[in-house]
Every structure is written in C-alpha cells, then in structure tokens.
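Q: Hi! I'm new to reading protein structures. Could you walk me through this one?

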Amino acid sequence: MKKLEDYVINIPDFPKPGIIFRDITSILRDPEGLKLSVHELMHCLEGTEFDVVVGAESRGFLFGMPLAYNKSKGFVPVRKNGTAEIEIHKEDIRPGQRVVFVDDLLATGGTAKAAIDLIEQLGGVVVKVLFVMELQGLHGRDALKGYDVEAVITYPGK
C-alpha cells in the first residue's frame with residue numbers, strides 16, 4: 001500500500017539551486033492519493049470536538065470539504081483576494097464555534113495565522129490546525145504557537 005509521501009513529486013533545484021519543490025498536485029490527481037490524504041487528515045481529528053471546518057483557498061478547500069462532510073459538519077472557505085489579504089464572510093463563524101483550520105502546506109505560517117486571526121475576531125475558537133504537508137525548515141509552527149498543529153507529512157528542509 002502506498003503512503004501519502006509516495007504521491008509527492010520532488011523537483012530538485014526549483015525554484016533555485018538547493019531547494020526541493022514538493023509538489024502535491026499528484027495527490028489531487030489520483031483518486032487513491034486524495035482518498036488517502038483525507039483519511040490521514042481525519043485520523044488527525046480523532047478525539048477533537050469541532051463544529052466547523054475552515055479551508056484556505058484553493059487547496060485547503062479540496063482537503064477541508066471532505067473532512068467537514070464526512071463528519072457532518074459545516075465548511076467555511078477563506079479566500080485570498082489577490083492582494084496578500086484573506087477574506088471570510090463574517091456570518092460564517094459564530095461566537096463560540098469550535099473550528100478546525102485546514103490547508104495543504106505549512107511553510108512560514110502566514111496564511112494560517114491570518115485565517116486564525118479572522119476566525120478569532122469573529123468569536124470562533126480554533127481547536128486544531130491541520131496541514132497535508134509541512135516544511136519544517138521554514139519554521140511555520142513559530143507563527144502558530146499555542147495552537148494544536150498537525151501535518152500528515154513533514155519534511156525537515158525548506
């Protein structure tokens with residue numbers, strides 16, 4: 001049986017020498033890869049009580065929606081508006097709701113932290129932060145201190 005890591009394509013020296021680009025497009029294009037990724041993310045949620053899943057555009061949508069619907073929970077999208085800002089409808093999060101945030105990649109943590117800030121401004125309580133993949137060398141967890149963060153796949157570099 002394949003592991004999720006087996007679906008990741010490693011592209012050396014991209015975008016510059018010394019960097020390995022970890023492409024997860026192959027997870028999304030393969031039904032078994034996508035099924036396995038959702039299964040692994042659901043495993044990370046075992047024992048977590050939550051009311052709604054928030055997914056970051058656009059890959060966070062793809063991974064977050066099945067989690068929400070498999071658990072009969074609501075799904076809320078966070079949109080990037082093209083100017084390094086993210087948006088959420090204020091009526092999508094109600095005060096006191098327990099929220100799981102999902103995205104494909106934890107790099108520097110900036111997108112996740114911005115989304116969490118929006119969720120908390122609306123009164124939501126972030127109970128779990130999930131990623132398909134984490135690049136530990138970029139120290140994204142530093143931006144997310146105090147939150148329960150998990151990644152299905154972790155790589156030590158950038």
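A: Happy to! One term to begin with: two residues are in contact, or touch, when they have heavy atoms within 4.5 Å. Keep in mind too that this is a predicted model.

Q: Good to know. Which residues does Leu 130 touch, then?
A: Setting aside residues up to four places away in sequence, Leu 130 touches Leu 41, Cys 44, Leu 45, Leu 67, Val 100, Phe 101, Val 102, Asp 103 and Glu 150.

Q: Which residues touch the most other members in the largest nonpolar core?
A: Those are Ile 27 and Leu 130, in a core of 24 residues. At least two residues of this core come from each of α2 (31–44), α3 (59–70), β6, β7 (125–135) and β8 (149–155).

Q: And what does the second core include?
A: The second core is separate and has 22 residues, including Ile 86, Leu 106, Ile 119 and Leu 144.

Q: Let's zoom out. How many helices and strands are there?
A: Four helices and eight strands. Going along the sequence, the order is β-β-α-α-β-α-β-β-β-α-β-β.

Q: How compact is the protein?
A: Its radius of gyration is 15 Å, close to the 15 Å from the globule rule for 158 residues, so the protein is as compact as a globular protein of that length. The C-alpha trace spans about 45 × 35 × 25 Å along its principal axes.

Q: What share of the residues is buried?
A: Buried residues are 42% of the 158. As for the surface, the protein exposes about 8,300 Å², and carbon and sulfur atoms supply 52% of that area.

Q: How many of the contacts join residues at least 24 apart?
A: Counting contacts between residues at least 6 apart in sequence, 56% join residues at least 24 apart.

Q: Back to α2. Which of its residues are buried?
A: Gly 33, Leu 36, Ser 37, Val 38, Leu 41 and Cys 44. The cover over them includes α1 (25–29), α3, β7 and β8.

Q: Why would residues three or four places apart in a helix point the same way?
A: An α-helix has 3.6 residues a turn, so residues with that spacing point the same way.

Q: Nice. What span should α2 have?
A: At 1.5 Å a residue, its 14 residues should span 20 Å, and the end C-alpha atoms are 20 Å apart, which agrees.

Q: What happens at the start of α2?
A: There, a side-chain oxygen of Asp 30 comes to within 2.8 Å of the backbone nitrogen of Glu 32.

Q: New topic: Gln 97. Is that residue buried or exposed?
A: Gln 97 is buried, because its relative accessible area of 9% is under the 20% cut-off. You'll find Gln 97 in the loop between β5 (86–87) and β6 (98–106).

Q: Where does the side chain of Gln 97 reach?
A: To the backbone nitrogen of Arg 94, at 2.9 Å. Leaving out neighbours within four places in sequence, Gln 97 also has contacts with Asp 51, Val 52, Asp 92, Gly 123, Gly 124 and Val 125.

Q: And Arg 79, where does that one lie?
A: Arg 79 lies in strand β4, which covers residues 74–80. Arg 79 is partly exposed, with a relative accessible area of 29%.

Q: How many residues apart are Arg 79 and Glu 57 in sequence?
A: They are 22 residues apart in sequence, and 5.2 Å apart in space from C-alpha to C-alpha. Not counting residues up to four places away in sequence, Arg 79 touches Glu 57, Phe 61, Glu 85, Ile 86, Glu 87 and His 89.

Q: Last one: what about the phi of Asp 13?
A: Asp 13 has a positive phi of about 60° although it is not a glycine. Asp 13 is in the loop between β1 and β2, and is partly exposed at 49% relative accessible area. Ser 72 is not a glycine either and has a positive phi of about 55°. Ser 72 is in the loop between α3 and β4 and counts as exposed, at 67% relative accessibility.

Technical notes. Residues are numbered from 1 along each chain as its sequence is written. This is a predicted model: local features need pLDDT of at least 70, side-chain atom pairs count only at pLDDT 80 or more; totals for chains, interfaces and linings use all residues. Side-chain values use heavy atoms; hydrogens and water are left out. Buried means under 20% relative accessible area, exposed over 50%, partly exposed in between (1.4 Å probe, protein chains only). A polar contact is a pair of N or O atoms within 3.5 Å; within protein, one must be able to donate a hydrogen and the other to accept it, and residues adjacent in sequence count only if both atoms are side-chain atoms. A nonpolar core is a set of buried Ala, Val, Leu, Ile, Met, Phe, Trp, Tyr and Cys residues joined through side-chain atoms within 4.5 Å. The radius of gyration is taken over C-alpha atoms; the globule rule is 2.2 Å times the number of residues to the power 0.38. Accessible areas come from the Shrake-Rupley method with a 1.4 Å probe; for residues, only the protein chains shown count as cover. The expected span of a helix is 1.5 Å times one less than its number of residues.
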